[in-house]
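Colleague: I have a model open and would like to learn how to read it. Where should I start?

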Amino acid sequence: MIARLLLMDFGPGTRSAGEKIADQFAAIYKTMKGFKDATFFVDYETGESGTLTLWESKEDAEAATAIMRPKLMEAAGSMLKGPPTAKMFEVYKPKA
């Protein structure tokens, strides 16, 4: 399983716009091949936010990124204070 961490900065005062984007993207993620789960998080004071998504494979995560990044830039590009940063990690589940 692969975890993809996406971090963004919308700046303060963008709560409703950020939540609207999260709701929109959550619905899209659910339709994508290999999607397992998504968690959205935000610091409402600073506007820093992110998404942690889980995927069955690295290929699924990469395919989703190719589709979702342009959608993110279209939906939120003017609100972003800088480019989003993303990293992928292999998920390890402890045996205990």
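Modeller: Start with what a strand is: a run of at least two residues that DSSP assigns as E, with runs numbered from the N terminus. This is a predicted model. Threonine 51 is found in strand E3.

Colleague: How do strands make a sheet, and in what order do the 4 strands stand here?

Modeller: Strands of a sheet pair through backbone hydrogen bonds, in either a parallel or an antiparallel way. Here the order is E2-E3-E1-E4, the sheet is open and the pairing is antiparallel. Strand E2 (35–42) and strand E4 (85–90) are at the edges; each has a single partner strand, so one side of each has no neighbour in the sheet. From one strand to the next, the twist averages 15°.

Colleague: How many bridges join E2 and E3?

Modeller: E2 and strand E3 (residues 48–55) are joined over 7 bridges, in the antiparallel sense. Within this region, phenylalanine 41 stands opposite glycine 50 in E3.

Colleague: Which strands does helix H1 touch?

Modeller: Helix H1 (residues 15–29) packs on the sheet and touches E2 and E3. The direction of H1 makes about 170° with that of E2. Helix H2 (residues 58–76) also packs on the sheet, touching strand E1 (2–9), E3 and E4. The direction of H2 makes about 20° with that of E1.

Colleague: Back to threonine 51: is it buried or exposed?

Modeller: A residue is called buried when its relative accessible area is under 20%. Threonine 51 has 5% relative accessibility, so it counts as buried. Leaving out residues up to four places away in sequence, threonine 51 touches several residues, among them Leu6, Tyr29 and Phe40.

How values were computed. Residues are numbered from 1 along each chain as its sequence is written. This is a predicted model: local features need pLDDT of at least 70, side-chain atom pairs count only at pLDDT 80 or more; totals for chains, interfaces and linings use all residues. Side-chain values use heavy atoms; hydrogens and water are left out. Two strands pair if DSSP finds at least two bridges between them. Axes are lines fitted to C-alpha atoms, for helices over the stretch in contact, and angles run from 0 to 180 degrees between N-to-C directions. Contact means heavy atoms within 4.5 Å. Buried means under 20% relative accessible area, exposed over 50%, partly exposed in between (1.4 Å probe, protein chains only).
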